[in-house]
There are 2 protein chains.
Amino acid sequence: MSRIAAHADLLAQLESRLGRAGLLTDEADLAPYATDWRRLFPGRPLAVARPADTAAVSAVLAACHAAGVGIVPQGGHTGLAGGATPDASGGQVVLSLGRMNAIRRVDPLGLTLEAEAGCILKVAQDAAEAQGRLLPVSLAAEGSAMLGGIIATNAGGINVLRYGMTRGLVLGLEVVLADGTVVDGLRALRKDNAGYDWKQLFIGSEGTLGIVTAAILRLVPRARHTATALLAVPDPAAALRLLEAAQDELGDTIQAFELIARDSLALVAEHAGLASPIGESDWTVLMEAGSSLPGLREAVETLLGEALERGDATDGVIAESGQQAGSLWALREHITEAEARAGKSVKHDVSVPIPAIPDFLAAAGKALATQAPGTRPNIFGHMGDGNIHYNVLIGPEHDPEAINRIVHDAVARFGGSISAEHGIGQYRVDELVRHRRPAEMALAHRIKDALDPQGLLNPGKVLRARV
Amino acid sequence: MSRIAAHADLLAQLESRLGRAGLLTDEADLAPYATDWRRLFPGRPLAVARPADTAAVSAVLAACHAAGVGIVPQGGHTGLAGGATPDASGGQVVLSLGRMNAIRRVDPLGLTLEAEAGCILKVAQDAAEAQGRLLPVSLAAEGSAMLGGIIATNAGGINVLRYGMTRGLVLGLEVVLADGTVVDGLRALRKDNAGYDWKQLFIGSEGTLGIVTAAILRLVPRARHTATALLAVPDPAAALRLLEAAQDELGDTIQAFELIARDSLALVAEHAGLASPIGESDWTVLMEAGSSLPGLREAVETLLGEALERGDATDGVIAESGQQAGSLWALREHITEAEARAGKSVKHDVSVPIPAIPDFLAAAGKALATQAPGTRPNIFGHMGDGNIHYNVLIGPEHDPEAINRIVHDAVARFGGSISAEHGIGQYRVDELVRHRRPAEMALAHRIKDALDPQGLLNPGKVLRARV
């Protein structure tokens with residue numbers, strides 16, 4: 001019996017509820033939903049359900065629950081850990097939230113934005129900006145990523161240093177549980193200690209505990225003044241001293257503090273044709289601060305002058321215009337693309353306690369040099385929040401999983417995390433088991449069993465599927 | 001059989017594990033732990049366990065779990081909802097965390113502080129300040145409240161507007177589960193998306209899901225400049241326009257925006273002998289901003305000048321010194337004490353969406369005037385985050401529960417919360433059931449059942465105890 005025939009009743013039920021536009025079953029229609037954008041995690045859906053509202057999501061989940069069929073939620077499909085693609089069995093239904101894309105309300109005074117899960121992040125950012133406010137989640141995929149996925153993965157990005165992860169921006173949430181129950185917690189409140197804050201369970205659990213259908217997000221005032229600087233620093237320890245001085249001088253106006261290795265800028269020069277305006281150095285820091293008060297540029301100039309004097313920086317430039325700031329950011333933003341053009345690489349998204357960054361970089365570099373000679377690290381990331389994208393360019397002779405283990409073992413030595421912002425998805429499920437304490441894993445399974453006892457929500461993501 | 005005799009085995013076991021200093025059973029020794037500081041929630045413990053480390057907490061929980069005896073965790077005992085006092089059965093063990101009070105580490109560069117649950121908030125604040133950093137939780141009880149309770153209740157306070165609730169400051173957590181299992185998540189990471197963020201379950205769940213034994217908290221840079229202003233405003237709508245203008249002018253340097261009613265300042269004048277420097281007005285705003293950049297005072301002066309011109313403020317003063325700022329804050333800080341001296345009152349700790357504050361105040365005032373004539377509202381609170389302490393002075397003819405329902409029904413009409421920061425404890429258990437949707441309550445019970453199936457952790461707090 002074919003997989004379609006085995007689930008004919010379910011598919012008929014879904015089509016009658018969702019209409020023809022709401023259910024895709026033709027092989028050609030399914031293809032875009034079957035694999036991630038990097039084509040690293042290919043799968044095969046039974047069907048793609050495209051509900052238009054929360055009631056329809058509830059109906060899909062209830063029907064799949066009754067049929068014992070797994071559900072794989074999918075938003076903008078921009079994830080890096082294979083968290084939104086079905087397995088190869090052809091027995092899982094992909095639940096695409098893309099049709100639920102309304103922005104319901106922007107409140108510039110209460111500083112909130114309410115939108116549906118399928119709303120694209122950039123669209124939400126623009127809606128906030130039109131009211132003079134800022135939705136402070138900013139990341140490379142913002143033109144495609146959808147709010148549901150941003151919330152389900154607790155997305156990070158460029159401005160975590162100042163504004164925190166997505167979790168801290170979610171004021172209200174609506175979710176649908178495995179059996180189709182809708183739980184409506186769409187409250188636009190900044191303080192709410194009335195009972196368990198159950199929405200925290202769904203933020204960052206990658207669709208394995210429930211489906212996010214709508215949210216109320218916190219907005220912030222927009223900075224009137226921005227200062228962007230690029231600095232050459234001799235080593236990561238100097239970058240760390242610069243960060244400490246910046247905390248003293250600029251306080252929490254610092255909104256980005258990125259560290260970039262020499263080889264990473266060399267890749268950008270070679271493959272994207274962009275050159276740093278301050279020439280070559282072993283390490284480069286890209287820093288940005290923003291404030292509603294004047295005096296920001298002067299404070300950044302003072303900071304830089306003192307860093308040059310101390311020798312913590314050897315050269316530096318402050319952007320004179322928004323366009324110049326854009327050029328500085330372009331260096332950082334083209335690293336991933338340049339890496340892709342340079343050849344095959346193993347990506348890591350790790351974090352360590354901030355003061356441990358120099359020692360971690362030294363330890364990881366040494367481990368790779370001895371255990372995987374010929375690999376080339378491409379090191380860049382959000383130093384201000386301890387998050388380093390420690391990617392490794394490899395040749396055909398290198399085993400990606402071995403590279404993974406080498407880097408993650410270095411992370412573990414410094415009390416770090418094997419996924420700072422990208423999540424676990426299907427990609428890091430085994431590495432998670434290797435690195436988290438058994439009591440933590442047992443607690444995670446207890447939570448999963450309580451909310452999704454049949455294991456139907458995004459099976460095999462974050463946690464190993466139980467047979 | 002007496003309650004002691006019924007549990008003789010358990011008590012012997014606890015004493016052998018904790019030593020004589022670690023277990024209190026004499027009636028006189030138990031008294032301070034039996035009721036809250038306001039003596040509104042009297043109870044009677046079987047014994048008080050005072051473990052000195054996490055292993056001992058684990059042993060106490062394991063023993064009580066085996067004996068089927070309830071545990072009531074207690075920190076500084078400063079709560080306002082009866083969340084830390086035992087019931088009157090004499091059958092519950094109070095678990096006092098006060099001996100576990102070490103500050104393990106302050107890291108000024110990584111901006112983290114690690115401490116045990118029994119560490120007093122003020123002590124932790126001072127330790128951060130000694131390193132030039134700020135632990136941004138500030139509340140009236142900070143001289144007694146302990147970090148474990150601060151975390152377990154997701155405490156709010158004065159600076160939520162800028163720094164958020166306690167939840168956003170908890171980077172790492174160690175908890176002990178109902179059966180004594182220790183779960184160690186003491187990671188000093190700002191970004192960590194590796195698996196479920198299980199610590200969120202324990203923050204704000206008031207000791208009903210597990211016992212917090214240690215934490216790593218996030219610190220922030222200290223502001224170099226502070227500006228504190230007191231303003232007379234004609235009505236709450238004008239205060240709201242002032243808040244909006246402040247968001248534009250001052251951005252997120254605003255760290256407090258308090259609204260105080262005329263009658264509240266009158267109570268302070270009468271019972272605490274403190275007078276406002278700007279004379280009487282229907283409503284008063286106390287505002288504070290802080291920044292590392294200069295230019296803050298000028299920005300506040302501009303803001304005030306424009307507000308006076310628009311008529312959104314009718315008078316105002318900016319503190320010229322830290323001492324003057326202290327005097328302005330004293331007006332706010334003496335309201336609760338003045339209220340206590342004025343007679344009997346019913347306290348509320350509610351929040352509504354910020355733009356709804358004027359309408360909520362009007363609706364609540366009208367409802368009280370018609371349904372409970374003779375009551376006098378004492379209205380003050382953190383307007384900047386939508387949290388109003390809408391207290392009501394009552395006479396002997398008024399029924400406190402009826403007053404509760406009148407105020408909470410007004411809150412519900414505006415999509416608000418019946419507990420913004422104080423939590424549910426035992427005080428608001430029934431009101432929670434009345435105000436939260438059934439799907440939310442069912443989800444809460446599902447979480448409770450998964451983590452504490454026997455219902456032994458802080459029974460009857462937050463959720464009704466199941467028989």
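Are A:Phe360 and A:Tyr390 buried or exposed? Taking buried as under 20% relative accessible area, exposed as over 50% and partly exposed as in between, with a 1.4 Å probe and protein chains only, A:Phe360 is buried, and so is A:Tyr390.

Please keep in mind that this is a predicted model, in which local features need pLDDT of at least 70 and side-chain atom pairs count only at pLDDT 80 or more, while totals for chains, interfaces and linings use all residues. Residues are numbered from 1 along each chain as its sequence is written, chains are lettered from A and ligands numbered from 1 in the order in which they are written, and side-chain values use heavy atoms, with hydrogens and water left out.

Over all chains there are eight aromatic pairs, where rings of Phe, Tyr and Trp (its six-membered ring) pair if their centres lie within 6.5 Å, and planes under 30 degrees apart count as stacked, over 60 as edge-to-face and the rest as tilted. The rings of A:Phe360 and A:Tyr390, with centres 5.8 Å apart and planes at 70 degrees, are therefore edge-to-face. Because A:Phe360 belongs to helix α14 (residues 357-371) of chain A and A:Tyr390 to strand β19 (residues 387-393) of chain A, this pair ties together parts 30 residues apart in sequence; helices (H or I, at least four residues) and strands (E, at least two) are DSSP runs, numbered from the N terminus. A:Phe360, A:Tyr390 and A:Phe414 form one aromatic cluster.

Turning to chain B, B:Phe360 and B:Phe414 have ring centres 6.4 Å apart and planes at 80 degrees, so that pair is edge-to-face. B:Phe360 counts as buried at 0% relative accessibility, whereas B:Phe414, at 23%, counts as partly exposed.
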